[in-house]
Amino acid sequence: LFLTIILFGPFALSKEKIIDDFQKTKTTLIRQDYRQRKVMAALYEVNRRMRRVTKDKSMIAAEMMSLEPQIEKNAENIQELELKTGEKRKQIRNRLSAAYMMGNQGLMRTLFSTTSAGELDRTLKILSNISKKDFELIKDFLKMAEELKMEKEILKSREVHLKTLASRLQ
């Protein structure tokens, strides 16, 4: 025992020193644990944000993919309507040209060249049918022109929406 005290005496620690070292070590461990928890919380938040951004990007990409066929369909509709309105425009131009060439004298000549009431009635029905067809032609042209205008507006709004989505994706 004496030998142990002599050998280890200078290295022997006092009770207060051991308690003090224990408290310092404990405080250091608590601080390290706090910092580690803080870092882990920050990493968790970053991971959560990344998942949300990834989810948002995939939703935007899916919406963009669904918009592209709609835009293509709109463009095809516009092309088709432009062709149809062009045809109707030509028909109207031809009818107006024929009416101009015929003039009021041609119409009067047709009406007054009839020799009987039945023939007059038949001529008036023919002129009425021609007028109705001309009116329908003009009405169809105006309807197609309005449809064309609407299709162009839809196409423009979809293109703007697609550009907005593309900018959000970047």
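Author: Let us begin with burial, for which a cut-off is needed: a residue counts as buried when its relative accessible area is under 20%, as exposed when it is over 50%, and as partly exposed in between. In this predicted model, K88 has a relative accessible area of 17% and is therefore buried.

Reader: Returning to K88, where does it lie, and which residues is it in contact with once its neighbours within four places in sequence are left aside?

Author: K88 belongs to helix α2, which spans residues 15-112, and, with those sequence neighbours set aside, it is in contact with L137, D140, F141 and M144.

Reader: Which of these residues forms a salt bridge with K88, and how should I read such a pair?

Author: The general idea is that side chains of opposite charge can pair when their charged atoms come close. Here D140 forms the salt bridge with K88, and the closest N and O atoms are 3.8 Å apart. This pair links distant parts of the chain, since D140 is in helix α3 and K88 in helix α2, 52 residues apart. At a relative accessible area of 29%, D140 is partly exposed, whereas K88 is buried at 17%.

Reader: How many salt bridges are there by this rule, and what does E82 pair with?

Author: The count comes to 10 salt bridges. E82 pairs with K152, with 3.4 Å between the closest N and O atoms; because E82 lies in helix α2 and K152 in helix α3, the pair ties together parts that are 70 residues apart in sequence. Both count as partly exposed, E82 at 37% relative accessibility and K152 at 41%.

Reader: What separates K139 and E136 along their helix?

Author: The side chains of K139 and E136 meet in a salt bridge at 3.5 Å, N to O, and because they are three residues apart in helix α3, about one helical turn separates them. K139 counts as partly exposed at 41% relative accessibility, and E136 is partly exposed as well, with a relative accessible area of 35%. Salt bridges can also be joined into a network, as they are for E45, R48 and R49.

Reader: Turning to nonpolar residues, which ones make up the largest nonpolar core?

Author: The general idea is to look for buried nonpolar residues joined through their side-chain atoms. The largest such core has 11 residues, namely I60, M64, L67, I71, I78, L81, M144, L148, L155, L162 and L165. Helices α2 and α3 each supply at least two residues of this core, and the largest share, six residues, comes from α2.

Reader: Which residues form a nonpolar patch on the surface?

Author: V39, M40 and L43 form that patch, and together they have about 300 Å² of accessible area. V39 lies in helix α2.

Reader: Finally, how far apart in space are N129 and Q32?

Author: From C-alpha to C-alpha they are 96 Å apart, with a separation of 97 residues in sequence. N129 lies in helix α3 and is partly exposed, with a relative accessible area of 43%.

Key. Residues numbered from 1 in each chain as written. Predicted model: local features only at pLDDT ≥ 70, side-chain atom pairs only at ≥ 80, totals over all residues. Heavy atoms only, no water. Helix = DSSP H or I, 4+ residues; strand = E, 2+ residues; numbered from the N terminus. Contact = heavy atoms within 4.5 Å. Patch = residues over 30% accessible without salt bridge, like charges linked within 9 Å, V, L, I, M, F, W, Y side chains within 5 Å. Areas by Shrake-Rupley, 256 points an atom, 1.4 Å probe, with all protein chains shown as cover. Salt bridge = Lys/Arg side-chain N within 4 Å of Asp/Glu carboxyl O. Core = buried A, V, L, I, M, F, W, Y, C linked by side-chain atoms within 4.5 Å. Buried < 20%, exposed > 50% of the residue type's maximum accessible area, 1.4 Å probe, protein only.
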